[in-house]
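Thanks for making the time this morning. I would like to walk you through one model, a piece at a time, and I will give the cut-offs as the terms come up.

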Amino acid sequence: MGKPQVVTDQSFEQDVLKSDTPVLVDFWATWCGPCRMVAPVLEDVANEQGDKIRIAKLDVDANPITAGRFGVRAIPTMIVFKNGREADRIVGFHPKPQLMQKLMPHLTMDAPSAAAPSAAAPGAATPSAAAPSAASSQTTPPIGGSPTSSTPNAGVGVTKIH
């Protein structure tokens with residue numbers, strides 16, 4: 001599966017939510033500089049991990065319904081969907097090693113050597129089960145930043161008050 005797949009408001013449910021494989025959806029726009037920085041990284045991931053996770057791209061300007069449905073307010077935003085539900089959210093540009101670290105718990109084929117260090121509990125009975133929740137709660141940056149910001153990682157480190 002060499003290239004990211006383009007999805008639309010109309011194809012989103014079939015291509016993403018009903019997928020048997022985890023899908024990373026890149027919410028992007030043509031005018032967004034950091035989105036253009038993310039594109040080659042996602043192409044590399046699609047080439048190398050295409051059998052474990054599908055990569056999809058959704059243009060937020062052409063498909064505002066789906067972007068609004070998932071509360072995408074800053075781009076680039078990448079959302080990992082597993083079994084029809086949001087499993088993780090990554091906001092802003094991240095170099096490939098950091099992005100892969102965030103994606104590892106969501107790949108369909110378990111990689112025990114990669115999952116064990118992130119579990120941090122040497123005697124944990126199910127390190128791969130512990131890794132996704134630990135990764136989701138600790139490494140996912142908060143949602144924030146301006147949707148028109150050209151600053152990579154806009155909103156990262158900002159704590160949202162509820």
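This is a predicted model: local features need pLDDT of at least 70, side-chain atom pairs count only at pLDDT 80 or more; totals for chains, interfaces and linings use all residues.

Let me begin with the crossing of α2 and α4, which is right-handed, in the sense that the near helix is turned clockwise from the far one by less than a right angle, anticlockwise being left-handed. Residues are numbered from 1 along each chain as its sequence is written, and side-chain values use heavy atoms, with hydrogens and water left out.

Helices and strands here are DSSP runs (H or I, at least four residues, for helices; E, at least two, for strands), numbered from the N terminus. Helix α2 covers residues 33-49 and helix α4 residues 96-103, and the two pack at an angle of about 50 degrees with their axes 10 Å apart, where axes are lines fitted to C-alpha atoms, for helices over the stretch in contact, and angles run from 0 to 180 degrees between N-to-C directions. That angle makes α2 oblique to α4, given that under 35 degrees counts as roughly parallel, over 145 as roughly antiparallel, 65 to 115 as roughly perpendicular and the rest as oblique.

Which residues of α2 and α4 meet? On the α2 side they are Val 41, Leu 42, Asp 44, Val 45, Glu 48 and Gln 49, and on the α4 side Lys 96, Leu 99, Met 100 and Leu 103, contact meaning heavy atoms within 4.5 Å.

Ala 46 also lies in helix α2, and it is buried at 2% relative accessibility, where buried means under 20% relative accessible area, exposed over 50% and partly exposed in between, with a 1.4 Å probe and protein chains only.

Turning to the cysteines, the structure holds one disulfide, that is, a pair of cysteine sulfur atoms within 2.5 Å. This disulfide joins Cys 32 to Cys 35, with S to S at 2.4 Å, and the link is right-handed, with 80 degrees about the S-S bond. Cys 32 is buried, at a relative accessible area of 2%, and Cys 35 is buried, also at 2%.

Finally, the backbone. Ile 75 and Pro 76 are joined by a cis peptide bond with omega about 0 degrees, and Pro 76 is found in the loop between α3 and β4. Asn 83, in the loop between β4 and β5, has a positive phi near 55 degrees although it is a residue other than glycine, and Asn 83 is exposed, with a relative accessible area of 70%.
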